[in-house]
Amino acid sequence: MYDVKITAIRCADYRDLQALYENPIEHTCSVREGQQWVSRAGEKPDGLCDSAWETMQWFVAELAAGRGNFYDGWMRNPYSALISCNDGFRPVSFLLERIDEKTLV
């Protein structure tokens, strides 16, 4: 198995859509650009948003298992993926990258 580095690389904030459609909420996403986590053996890292994990889980599992090259050459690095969480009001884009050293599980 491989470890997978997860990096938040872009946080968007669509205030116009929030004003039109979202109910007021006190706590929004706490992910910040540049934050990193490491998934070991394809498991969800501590502190990573549950909703974001649901979106990226399959890709992380594939990378952890040594697979990649999603969608026949989508990414320049075949052992990576760029995935966004499913929050339509403040989506976060995450770069998933396989760490080349294998870990014992």
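**Glu22 and Arg90.** I started with burial and found glutamate 22 and arginine 90 both buried. This is a predicted model, so I keep the cut-off in view: buried means under 20% relative accessible area, and arginine 90 comes in at 10%. The two side chains form a salt bridge, with the closest N and O atoms 2.9 Å apart. Glutamate 22 sits in the loop between helix 1 (15–21) and strand 2, arginine 90 in the loop between strand 3 (80–84) and strand 4, so the pair ties together parts 68 residues apart in sequence.

**What else does arginine 90 meet in a salt bridge?** I looked, and aspartate 87 is a partner, at 3.6 Å, N to O. Aspartate 87 is partly exposed, at 22% relative accessible area. Shared partners join Glu22, Asp87 and Arg90 into one network.

**Other salt bridges.** My count for the protein is eight. Among them is glutamate 97 with lysine 5, at 3.7 Å, N to O. Glutamate 97 belongs to strand 4 and lysine 5 to strand 1 (residues 2–11), so this pair links parts 92 residues apart in sequence. Glutamate 97 is partly exposed at 23%, and lysine 5 is partly exposed at 29%.

**Whole chain.** I get two helices and four strands, in the order β-α-β-α-β-β. Of the 105 residues, 32% are buried. For contacts with a separation of 6 or more, 64% are between residues 24 or more positions apart.

**Confidence.** Mean pLDDT is 93, with 96% of residues at 70 or more.

Terms used: Residues are numbered from 1 along each chain as its sequence is written. This is a predicted model: local features need pLDDT of at least 70, side-chain atom pairs count only at pLDDT 80 or more; totals for chains, interfaces and linings use all residues. Side-chain values use heavy atoms; hydrogens and water are left out. pLDDT is the predictor's confidence in each residue, from 0 to 100. Buried means under 20% relative accessible area, exposed over 50%, partly exposed in between (1.4 Å probe, protein chains only). Contact means heavy atoms within 4.5 Å. A salt bridge is a side-chain nitrogen of Lys or Arg within 4 Å of a carboxyl oxygen of Asp or Glu.
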